[in-house]
Structures are given as C-alpha cells and as structure tokens.
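Here are some comments for a colleague who has the coordinates open.

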Amino acid sequence: MDYKENYEAWLSNPYFDAETKKELESIAGDENEIKERFYTDLEFGTAGLRGVIGAGTNRMNIYTVRKATQGLANYIIKQNEQKKGVAIAFDSRRMSPEFADEAACCLAANGIKAYVFESLRPTPELSFAVRELGCISGINITASHNPPEYNGYKVYWEDGAQITPPHDSGIMDEVKAVTDYATVKTMDKAEAEKAGLYETIGAAVDDRYMEELKKNVLHPESIKEASDLKIVYTPLHGTGNLPVRRILKELGFTNVFVVPEQELPDGEFPTVSYPNPEAAEAFELALKLAKEKDADLVLATDPDADRLGVYVKDTKSGEYICLTGNMSGSFLADYEIGQKLALEGKLPEDGELIKTIVTSNMVDAMAKHYGIKVTECLTGFKWIGKEILRMETTGKGHYLFGFEESYGCLIGTHARDKDAIVASMALCEAAAYYKTQGKTIWDAMLEMYEKYGYYKDNVISITHKGMEGLAKIKAIMDSLRENPPMNFGDYKVTSTRDYQLDVIKDLATGETRPTGIPKSNVLYFDLEDNAWLCVRPSGTEPKIKVYFGVVGKDLADADAKSQELADTVKALMDQLG
C-alpha cells in the first residue's frame, strides 16, 4: 500500500481507537504530514525504535510499540526463553508509562512475564535489573536526549547490554514479519497481574543497584575529609534526580544543590529546547546556581541518566570550564585505573580499556603508560557491553574501564550500558580526593594533559530531516566513500578505514587489511601528527556526524588546530550537502 492507502486504512480499520482516528482526521488536508506519517513503517533498527510521538506507521504510538513487542516476543519464544521474563523501565517523556504498559501487556498475552518498574528509572538501572532478575531481555521506553516530541524503545538482552548480533537481526526480522497490526496480542493489565505475568518492581532493585555502585568507591576517607565540597546537579527534568541524590547522600556528600527549576520530571522539558548535557543551554540554570553557591563541580544527567555532562571550576580564573565527553571520560579512566594501581600495587596483566572508534586517542597514550590493552569497538555502548561479555565467556581479559565520546562511561560491571549515576558518584569522589591534596579537578586535568599530551577532540552534527534528508546523508557517505579526500586542510591522510567494506588501506604502501570490527556505515581517516577524522550517520537522529581529534603543544595550540580542522569539515559538508 502507498502512504494514502495506509492512511485510509487506519481511519477505517476498527482496530484503531477513536482518539487515534480523531488525530488522523485533523491532518486530512495536509498531504506532506500524511506522507511523513505513513510513507514507511517506523524502523526497528539495531537500537530499537525512536521517533516522533503520534498516530501513523512512521510514529511512536501504542500500535507501533505493540508491534515491536510482538516481534520481540516471537523471537524470545523461538529461542525457548519465555520462562525468564522481561524487565521494563521508562523515563519522564510523554507516553512513556503508557508505552511501558502496552509492551508488558503484549508480552503477558504471549505468556512472557513482565517486570515493570513502578515509576521512572534510569537506563543503567534497567540494564542492572535484567541481570539481577535473571531476565532474557529488557525494554526501556526512552528517547534519551531527543527533543520533547520524541520517544523510543530500546531492547536489551540477558547480559544487560543492548542487542547485538545475532539477536539484533533476529529480532528485527521478527518485527518486520508482523505486517498486520490486528494480529498483535495483548491482554488486560489486571488479568496479566492476576495470572502472574505482570509484576511491579521498585525499591528492592533500587537498593541492590545502590549496593553495587558503592563497591566502586576507591577513597571513602576523602569524601569525609572534603566535607565542604560543593556540588550543583540538574537531572534536566529526567530520571536522575532520586538516584544521583541518594548515592551522593549515602556516601557522605552534604553540599549537593539541585537546580529547582529542573528537578521534577517533565516530558515537555520546559526549561530547555533540547535536554542534552552536551548542549551549553542545558547548563544555564545550573551554572547560575553554581556561581551563587561557589560550587566546585556542576553536573547534569540527560533524561534517562546514562550520560553525564560536567563543568568544573578553575580557581585561578574563577570560571567554570566545560568538560567534553572525551575529557570527562579520559579523566575518569585515568583516575579509576591510576588509583586502583596505587591502592593495589599492580593492575591485572590482561587488563583492558575499551573505547569506541570515535573516542579520543588520549586513551591509547594512557593505556601505553599503564601497560594495558586498548580494545576498540563500534560507536554505541552496546559494543562495549559485548566486549565485557566476551571477557566473561572466554575468561580472557579484565575490564578496567570503558567509555565513548558521547558523555557515557561505565565503572564496574553491574550494568552493561553507560551509567551517569556511577559516573556522578566517581567524579564527586575524585573531586573530593583532589581537594584533600589542595587541587581541583581542573588542576588534575592539566596534569593529565602534561602527562599524555594536549589532545583536543570535537564533533560536528549536521541535521537532514525527512525522506530528502536520508537521501542527502546517503549521498554524502557515498561521495566520501567513492572519492576519499587525500587531505583535510593541512593534515594529510595516511590511511583510510571503511568499516562497511571492512578494509583499512595504508595510502603510502597501498596495503590493505580487515578492520576486525563488525560492518557499519562508518568512514575513518587517520591523519598526520596523530590527528584523525571520522564520518558516520547517527543511528538515532536524522544527522550525519563528523568526529575529529588533534594534538597540540599546549591547550591554546590544540584549540587553534581543532578550530582549523572544524572549519575544513564545515566547508566540506557544505560542498557535499
């Protein structure tokens, strides 16, 4: 059927409720809107579903959620794992509780027990709950840091990580096979509860999660000693408020100031246009409060609390400095690994530091210093989770730390997704530790740069919406793949990596070798002077992303080199796009 036929079918089919039909009737004269809602099915990709909330096949609604869940249920049953059950969490977005219940009732109708959190919870706790409850899978209703009109549906497997091969393609195939919405099973929530197929979970899992976080504290004595440390925190209207405050309070941090305007959950995110801790706008209210309180540290978690944004105070200038995801991730990696070495006298001989292919090269210098292995994986924390699973199943390798540039890391192995709760805890602990030595986190950062080099990493995101946008993003990737640049500004390309074709090519010798990483639509350019550049379409948003990194003689030199490369990137994207 074409989009018009799909639209008419939804209006006439008795399966769809009156409210849905009323919404669709309201757009009857808007051809473009009808086309956008019905020209395709909302794609169930390797990250699950993510889209604008509304009626239609290309929107997030109770019917697309049920369809996705039926596909997941079919896959679980084919794996003969239906007895283990599925954990379900949701965030503060519009329709999140409703979508969680729809998923649970669909699972129940298929004979699969759902463990549903009583109220909103952070993503990392869902990852933890899957493992803690012995579930075969997990569902998280969240659109992370997307604008308010979005929601999403992430699927996890029994190891607690988001789905990877072979489960991702298996589940995707089952979801695609559900072509008639009316064949999707569901049942009444009260009946599901009575049948023991819907169980509400909450405090007991919360307590166990907190216990696991506390096992990662390295210097409890520093927290007591630096009792005057001042922390400003904002949950950006999301799920982080209660767990972040709880863990900091229980560890002994007494001066934690929460931004009042952003404290309570609100799916409209009224104080920000984009609830993303990467965006400067998200920190406006927090920085204002930080200056009033003379805070040492300013933290922000995104709505599902898997990503952490940070500003630290430079006592010399009195200014608050933004730490990018690469900066905070590198800092925490160095702190966690360095302090473990100091406390225990040695590191595991098979210790591994895991990074994604778009993460800072400072990691490599750090690993060389500590004599540990760097393991690279694709973008997306599920690939870091897969590496942890590999270590567990083979008995080879010891996880020390893992992070990606997009403000996400994992300390410990209690979860298999990035965890802003444990990252907040560790950063505050590190601030306390350095405060007992008369230093700030920024002082410690400068020492880190002196030790490893002045690495500067950045990312530029270019949005191309709708069908035309998808075509434009494909055209840019095709152009770069077919005619790869030989230089980017003053930087000569030394080798190229095409992860879709699984080929690394040395431009000086012409030699090629496989990437050793699963195929993905990513192009990577190794540049002179330890610089690099990488281009990939976003897996969750209508964007093409360009990541790049340079090394300078000092901070000013690194900033200048980064800006020059950024200007080159923007000019190239304008030319191609």
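Which strands does helix 15 lie across, and at about what angle does helix 15 run to strand 14?

1. The model is a predicted one, and the question above can be answered from it as follows: helix 15, residues 381-394, lies across strand 12, strand 13, strand 14 and strand 15, and its direction is at about 175 degrees to that of strand 14.

2. The sheet itself is open and is formed by four strands in the order 13-12-14-15, with mixed pairing. Its edges are strand 13 (373-377) and strand 15 (408-410), each of which pairs on one side only, and neighbouring strands are turned against each other by 20 degrees on average when direction is ignored.

3. Within this sheet, strand 12 (residues 351-356) and strand 13 run parallel and are joined by five bridges; on the residue level, E352 has K373 in strand 13 as its bridge partner.

4. Helix 13, which covers residues 325-344, also packs on the sheet, where it touches strand 12, strand 14 (398-404) and strand 15, and the direction of helix 13 makes about 165 degrees with that of strand 14.

5. A separate point concerns R481, which is placed in helix 18 (residues 466-482). R481 counts as buried because its relative accessibility is 18%, which is under the 20% cut-off. The side chain of R481 makes a polar contact with the side chain of D498 at 2.7 Å, and, leaving aside neighbours within four places in sequence, R481 is in contact with D498, Q500, L501, N521, V522 and L523.

Notes:
Residues are numbered from 1 along each chain as its sequence is written. This is a predicted model: local features need pLDDT of at least 70, side-chain atom pairs count only at pLDDT 80 or more; totals for chains, interfaces and linings use all residues. Side-chain values use heavy atoms; hydrogens and water are left out. Two strands pair if DSSP finds at least two bridges between them. Helices (H or I, at least four residues) and strands (E, at least two) are DSSP runs, numbered from the N terminus. Axes are lines fitted to C-alpha atoms, for helices over the stretch in contact, and angles run from 0 to 180 degrees between N-to-C directions. Contact means heavy atoms within 4.5 Å. Buried means under 20% relative accessible area, exposed over 50%, partly exposed in between (1.4 Å probe, protein chains only). A polar contact is a pair of N or O atoms within 3.5 Å; within protein, one must be able to donate a hydrogen and the other to accept it, and residues adjacent in sequence count only if both atoms are side-chain atoms.
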